[in-house]
Structures are given as structure tokens and as C-alpha cells.
Amino acid sequence: MTQSPERIVLPDDLRPADGRFGSGPSKVRAEAVADLAAGAGQLLGTSHRQDRVKHLVRRIREGVADLLSLPEGHEVLVGNGGTTAFWDAAVHCLVDRRSQHAVFGEFSAKFADAASAAPHLDEPLRVEAPYGTRPAVTGDESADVIALTHNETSTGVQAEIRRPAGSAPDALVVVDATSAAGGLRVDASEFDVYYFAPQKCLASEGGLWIATFSPAAIERLDRLTASRYCPAFLHLGIALENSIKDQTYNTPAIATLFLTAHTLDWILENGGLEFAASRCDESARILYGWADGSSYACAFVEDPEERSHTVATIDFAESVEAATVASVLRRNGILDVEPYRKLGRNQLRVALYPAIDPGDVESLTRAIDHVVEELRR
Ligand SMILES: *Cc1c(COP(=O)(O)O)cnc(C)c1O
């Protein structure tokens, strides 16, 4: 007789101290929430045009520049609408005629689709790879934007960020780093624009986009917006003007700004990107190491080099239903390890972002083993 999933209770010693393993929104650190609550009376529900909120925007702009060791002349832009809004902004303000996209998951495909739908642009080039792998991108003379994704959150594949050989000399390398920024190492000389939203590696809430711009990217946006219509909400020139004044064009979520600045401070005080990336490395070592040694689980991504250190995808043998395991875990307070919906695999997806304690990842592996054992009884 098998154990009814509803009746499985995790013993206390197998419960992570914090059960949030979602890939986005992701765990927000309790310390940050406590600090937000402590200062709320002076902050939440106050004007976003006053110093207290502007100071948060400045901390984010300076913190991101520090985190990524941005060279002189780069600017950090902040705007509302999350990464998805930034794709549309890029279609309007960064792509001149044609973009080239590394497509290897749902998110990288969405930006390519946004460019494809734009009537003012030529059909984008897509360099595709089967989900669970990543494509090798060779530049194309006809592309003026090369769109890379540092980490494909839908599949758990991480890419290397390099200017592709063979690209046009003035092509901009524009990187979706939504689930990578603050968790994966990167060399700022290899990109022109590095954009993300803070509800993943930066342990904040959603609704904001943050983007770093090289001088070449600023020049491009100035040139394009001078000669073509761009809706104000998607106008990166307006976003730049406001960002330089440490504000956003329209009203931001102040809690999101606070939590983002808080995580950046935490990372920078502890040693910066190297500290954060090392925590992700440690969590990845624990999780993939467990999967490699498991009789019923294995990493979905075959090549260890391509396995993400911020979002891991673990396939299960047919005899184990991942959805059932996820629902038992959920009932026991371990949340959001379900796979990316559209990938449709018998797998779990586990965030390994810097805020997530490697010790909790260790507990999670033991909790999964326990649930599977109980389900088989
Ligand atoms: C989550 C995610 C997005 C979408 O971010 P939103 O802020 O929800 O628009 C885009 N790209 C990647 C790689 C992501 O992980």
C-alpha cells in the first residue's frame, strides 16, 4: 500500500528554516522585511518626489554600478513595468532595424516575439537551441542589437555573456539578466545593456526594471528617439532623464525600491558579486550533487557548464510524479518548486538565488528524498 500524499508530514529536522524556493517572485529576506516595517511610518505612503525615496533610487543606481563594476560613463536606469516592459522599450528605443536573439527558453523567445511584432523593424534573427541547452551565437552583420539571456529561468540554463565574434561593429549587446543579475558573475566590458527586475536575485518585489547603459547604448537611444515616435512610458530617454535625478518617470512601488536597495547593501557589505555568486555556487553544488547521486532524480540540463547556479531544474524518473512531490512539499511549507508551466516536464524547479541559504537547499534535498520514500511505501 502506498502512503496517501495528504498524510505525509515532514519531520522537523528536514524542514528548511525558510521554505521559499520560487524562481520569481522569490524569497525576500526576513531582515529586509523587518527593516521595512520598522521604518514604514516614515516611508510607505510618502511622496516619491521627496528625498527619502530619491535616496533609495540613488542607492539602487550606485549599488548596481558597484555590484557589476560598471566602467566610467555607464548609467543605471530605473523604470516601472518590470522586464516585460523593458522589452517593449528596447523594441522602440534600442533596435534600429533588426535584432538577433539567442532563443533557448520561454523568456528569450518573448523578446524575439516582441521585436517580430514591431511594424517598424525587420524580422529578427533567431539563433535557437533545444530547451535545456544553449545556442552558440555568432554575430550577423545585419543585426544592430544582439539579444542575449544570461540565465533562462524557464529551463535552468545559464549562458556566458560575451560579445559575439562576427557582429557589426556598432551592434549593441543587450542582455536579459533578470534571474542572473546579482547571482552570476559577468564582465561589464562584454555588454552594452544589462537589464533585469529585482524580484529574483535581488530578493525584492516585482514591478520595476533596472538597466545599465553603456555610452554606445545611450548614443543609440538618443539617435533613435530623436527620429521616431516612442510612447512616453517606453521612452528610455525619459527614463534616463529621470534616473539621473534619482527618480522614476511615474510612481514606483516604494517597498520594491526599499527591498532592492536593502539586498544590494547586504551583498555589497559582504563582498559584492563574488560573495553572492559564491553562495549560488554552493547551493548549486549541493543540489546538483544530490541529483547526480539520486536513483530517481537527475539534472534536466545535461552539460554541467550550462547548468544554472541561480535556477536549477531537476527531472524525475517516470515512477515519481514531480507534481505530487511538489504538492506534498507545499502542504509542508516548502513553496514554489513546481516546474515552469509551459515546459511541461516531470520536474522540479528550485531557485538558488543569493538570499536562499545553502543550508536550506541541503534540507530541501533531504525533504524531497523523504517525501519520495514515503510515497513509495
Ligand atoms: C522573470 C523573467 C522575466 C520577466 O520579468 P517580469 O518582471 O515579470 O516582466 C524576463 N526574463 C527573464 C529571464 C526572467 O527570469
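Analyst: Happy to! Contact means heavy atoms within 4.5 Å. This is a predicted model, where local features need pLDDT of at least 70, side-chain atom pairs count only at pLDDT 80 or more, and totals for chains, interfaces and linings use all residues. Residues are numbered from 1 along each chain as its sequence is written, and side-chain values use heavy atoms, with hydrogens and water left out.

User: How many residues of domain 2 are in contact with domain 1?
Analyst: Domain 1 covers 11–28 + 273–376 and domain 2 covers 42–269, with bounds from an automatic or database domain assignment. On the domain 1 side 34 residues take part, and their counterparts in domain 2 number 29.

User: What area do domain 1 and domain 2 bury between them?
Analyst: Buried area is the accessible area (1.4 Å probe) that two parts lose on being put together, summed over both. Carbon and sulfur atoms carry 58% of it here, and the total is about 2600 Å².

User: Which residue forms a salt bridge with Lys342?
Analyst: A salt bridge puts a side-chain nitrogen of Lys or Arg within 4 Å of a carboxyl oxygen of Asp or Glu. The count between the two domains is 4. For Lys342, the closest N and O atoms are 3.7 Å apart, and the partner is Glu106.

User: Which element gives the largest share of the side of domain 1 that touches domain 2?
Analyst: Helices (H or I, at least four residues) and strands (E, at least two) are DSSP runs, numbered from the N terminus. Two elements give two or more residues to that side, one of them strand 11. The largest share, 10 residues, comes from helix 8.
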